[in-house]
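Have the 3D view ready.

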Amino acid sequence: MSAMKVGIIGAGTISADHIRGYQHNGAEVSVLCDRNEDRAAAKAAEFGITRVCTRVEDLLADPDIDAISIATPVASHTPLVVRALEAGKHVLCEKPPAMDGAEVEACIAARDKAGKVLQYGFVYHHVSDILTLRERYLAGEFGRVTYAEAMRMNRCINPGGWFNDKRFTKGGSLFDAAIHEIDGLLFILDYPEIASVRSFLRYENGDLHRRLGLTGKAYASSSVGDYESNVETSGTVFAVCRDGTPLVLRSASALCVAEESCRIRIDGTNAGTLWNGCKDLTYVRLEDEGFREESIPHSNRHEFDGEMKNFLAACRGEAPCRATAEMALSLMRFYDAVYRSEAEGREILL
């Protein structure tokens, strides 16, 4: 079987993880496309990619390309997804999926018409710890879930560039960073239907990075230009699932928090868990003789390797997608409610 040939749109920070993931899984990254030719050429040279281009239409017109990875600002995702599907390519699109739920609906329609695979970049769907919790939840081990939370809390992470500008993305820390933990929790719970959302977003400390004179960034926009800083820097969301399960979802990118953490917590009548990102997983089960606590060692995640492995297998018809467009639609409808709740200052019923 010949190696699948992949083209990548966007040569920014995250493209390196896509390239490594494909190369580790035996796919050939044939073309790297970016409107900044120098940036594309430098990244291509780093990973031994022989071709670069600056025009998306040139990449999509290449009959040898089987699949496309989209690693560009959020506002460009849907137009590129639709164009790539219409060109007969399978598509893996980075998170966040789109600017709103209606855009994901358009992508699903294009996928169905093209008969191609459309997968979104929810890397936690390929993390062994998360998959273990999902399996146990689906097996009924938790019993009735009475409380669940997801959060990503940081004192000062300012990615800058388009990440902070609503012209290019829907939101800030809650939307771009904590999306991993929020999606991870919903994935474990098999994407439950949300009944209501009340959100509280804050925009203070947007210039904290500059005020403190910090130069290092956990991740950064590779684009340069005149960008505004107008997205939320912290947020708290209270949501209730249709079955009555309460959810608390939090984020911060510039806040005086006592502890920086990424976590998912689930409390159930028969079992509960606390997942702390790169730490071991704590799992407590109620048994006849009492409570039994289990510490599940954290494995080296290699989540992008797992993501690309699943995508390539789905393209070959060997496995279903773990991060489907339907999940992306559910998530974006949730985020639509989050930002509507903040704008209208009230609970949104779904």
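Which residue just after α1 takes a positive phi? That's Gly-26, with a phi of about 80°. Before going on, note that this is a predicted model, where local features need pLDDT of at least 70 and side-chain atom pairs count only at pLDDT 80 or more, while totals for chains, interfaces and linings use all residues. Residues are numbered from 1 along each chain as its sequence is written, and side-chain values use heavy atoms, leaving out hydrogens and water.

**Helix α1**
- Helices (H or I, at least four residues) and strands (E, at least two) are DSSP runs, numbered from the N terminus.
- α1 covers residues 15–24, and its buried residues (under 20% relative accessible area, 1.4 Å probe, protein chains only) include His-18, Ile-19 and Tyr-22.
- Among the elements covering them, by contact (heavy atoms within 4.5 Å), are α2 (37–47) and α10 (303–315).

**The open sheet**
- Six strands line up as β3-β2-β1-β4-β5-β6 with parallel pairing; two strands pair if DSSP finds at least two bridges between them.
- The edge strands, β3 (51–53) and β6 (118–120), each pair on one side only.
- Five bridges link β1 and β2, and Ile-8 stands opposite Leu-32 in β2.

**Strand β10**
- Five of the seven residues of β10 (246–252) are buried, so the rest of the structure largely encloses this strand.
- β7 (145–153) runs parallel to β10, joined by six bridges, with Ala-150 opposite Leu-249.
- β9 (234–241) pairs with β10 in the antiparallel sense over seven bridges, and Thr-236 sits opposite Arg-250.

Methods:
Buried means under 20% relative accessible area, exposed over 50%, partly exposed in between (1.4 Å probe, protein chains only).
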